[in-house]
Amino acid sequence: MVKSKKWIMAKVFDGTPKQDDFKLLEEELPPVQDGEILLEGLYFSVDPYMRGYDLSGLVGHQMVGSQVAKVLESKHKDYKPGDLVMGYFGWRSHTVHHGDKSLGLGDPKIKPYILPDFQGLSPSLGLGVLGMPGNTAYFGFLEICKPKAGETVVVNAAAGAVGMHVGQIAKIKGCRVIGFAGSDEKVEWLKNDIGFDAAFNYKKVEVEKALAESAPSGVDCYFDNVGGEMSSIIMDNMNLFGRVSVCGAISAYNETVKPKATVIQGTLIKKQLKLEGFLVYRWDDRWMEGIKQNLEWIKEGKLKYQETITNGFENMPKAFIEMLEGKNFGKAVIKA
Ligand code: NDP
């Protein structure tokens with residue numbers, strides 16, 4: 001009999017999540033039936049959507065989320081013991097899963113899949129640069145912003161999993177890149193290690209002044225991870241026919257009263273901007289294309305990545321809270 005540990009949501013989040021919003025439980029798993037697999041989680045993901053989405057219906061239930069897990073036992077023809085699988089099994093250490101089912105938050109169409117060959121790189125990257133955040137950057141930036149060489153691109157949460165990736169794709173495409181991030185250390189890394197043309201600590205600078213200094217000819221593409229007033233200011237500094245990819249609104253996720261920001265409609269009209277929100281699962285039919293391209297860029301030395309790894313399944317709430325506080329550098333991952 002296999003026992004699984006699982007984190008449930010004990011309370012509705014009120015502001016920034018707290019340790020006692022979560023509770024660790026243990027349960028016995030049923031024996032594996034035909035068509036099922038038994039998995040052991042190796043790496044777990046904590047992501048902003050776990051705070052951005054309304055999860056109040058989950059109180060008393062297991063937290064949602066993705067993990068890279070190892071198949072321990074299989075009664076499904078497509079899986080064998082030892083396979084590494086990416087799936088939305090939630091915050092749980094062991095899982096018995098019906099191998100044909102799709103599962104997860106908001107029914108993402110991404111069914112669990114065996115990780116492609118990462119050519120020696122860590123399987124944990126299947127939760128980051130070679131997984132959902134990597135594809136968010138790849139599809140969300142290229143398909144919506146359609147950047148052209150020589151254009152100026154702005155990205156915020158720029159030292160996070162999606163942001164640092166977007167900035168580097170922009171460099172690969174020959175653009176000038178300006179990033180906003182929440183610490184001096186992050187800013188230095190963006191400029192010195194991954195070639196951002198300019199980067200600013202948004203906690204210390206005025207965004208308007210930073211743009212006047214770094215983008216005097218205006219911004220052509222804006223990849224928005226943050227939302228709020230910062231976005232209104234950036235859009236106000238965009239060029240005619242600029243494109244905005246609306247990826248996230250993390251500045252508002254922990255707010256109990258949703259913040260208000262300067263009206264942008266006048267700017268959208270005057271500058272004839274295109275503004276489009278997206279969910280990365282829009283490109284589920286091209287999922288492996290994104291992973292393959294991102295892996296190729298890593299192997300060519302064109303794409304760097306960072307992971308902030310927290311050890312121990314029991315530290316998942318801590319890692320989640322710290323990610324929301326900006327303590328992560330690149331993808332926040334928990335190692336079992
Ligand atoms: P990150 O790795 O970027 O981690 C979150 C970061 O957000 C923190 O490190 C912190 O960095 C920053 N942050 C926290 N609070 C604020 C704030 N008030 N203002 C500005 N920045 C803040 O996470 P991801 O890369 O996984 O996600 C980035 C964004 O992309 C999120 O908004 C997320 O919801 C969105 N997303 C959307 C998807 C989609 O399909 N549309 C898919 C995946 C992600 P700092 O130190 O810079 O403050």
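Val68 is found in strand β4, which spans residues 67-74, where strands (E, at least two residues) and helices (H or I, at least four) are DSSP runs numbered from the N terminus. The model is predicted, and for that reason local features need pLDDT of at least 70 and side-chain atom pairs count only at pLDDT 80 or more, while totals for chains, interfaces and linings use all residues. Residues are numbered from 1 along each chain as its sequence is written, and side-chain values use heavy atoms, with hydrogens and water left out.

Val68 is buried, with a relative accessible area of 0%; here buried means under 20% relative accessible area, exposed means over 50%, and partly exposed lies in between, with a 1.4 Å probe and protein chains only. From C-alpha to C-alpha, Val68 and Ser45 are 8.5 Å apart in space, although 23 residues separate them in sequence. Asp47 sits in the loop between β3 (36-45) and α1 (49-52), and this residue is also buried, at a relative accessible area of 4%. The side chain of Asp47 makes a polar contact of 2.5 Å with the side chain of Ser45, a polar contact being a pair of N or O atoms within 3.5 Å, of which, within protein, one must be able to donate a hydrogen and the other to accept it, and residues adjacent in sequence count only if both atoms are side-chain atoms.

**Empty spaces**

Rolling a probe the size of a water molecule over the atoms shows where empty space is left. On a 1 Å grid over the protein atoms alone, a cavity is a set of points where a 1.4 Å probe fits but cannot get out, whereas a pocket is an open set with protein on both sides within 12 Å along at least five of seven lines, and lining residues have an atom within 4 Å of a point. Grid points are joined across faces, edges and corners, and a volume is the space filled by probe spheres set on the points. There are 2 cavities of 30 Å³ or more.

| Space | Volume | Lining by class |
|---|---|---|
| Largest cavity | about 90 Å³ | 6 nonpolar, 4 polar, 3 charged |
| Second largest cavity | about 40 Å³ | 5 nonpolar, 4 polar, 1 charged |
| Second largest pocket | about 260 Å³ | 7 nonpolar, 7 polar, 4 charged |

In these classes Ala, Val, Leu, Ile, Met, Phe, Trp, Tyr, Cys and Pro count as nonpolar, Asp, Glu, Lys and Arg as charged, and the others, Gly among them, as polar. Ser45 and Asp47 are among the residues that line the second largest cavity, as are Ser66 and Met86. The largest cavity is lined by 13 residues, including Gly128 and Tyr305, which are among those nearest its centre, and α3 supplies the largest share of this lining, with 3 residues. For the second largest pocket, α6 gives the most to the lining, with 5 residues.

**Around the ligand**

Of the 27 residues around the ligand, Gly182, Lys186, Tyr202, Tyr253 and Asn328 come nearest, a residue being near a molecule if one of its heavy atoms lies within 4 Å of it. A polar side-chain atom of Tyr202 lies 2.5 Å from an oxygen atom of the ligand, and a polar side-chain atom of Tyr253 lies 2.8 Å from an oxygen atom of the ligand. A polar backbone atom of Cys247 is 3.0 Å from a nitrogen atom of the ligand. Among the helices, α7 gives the most to the shell around the ligand, with 3 residues.
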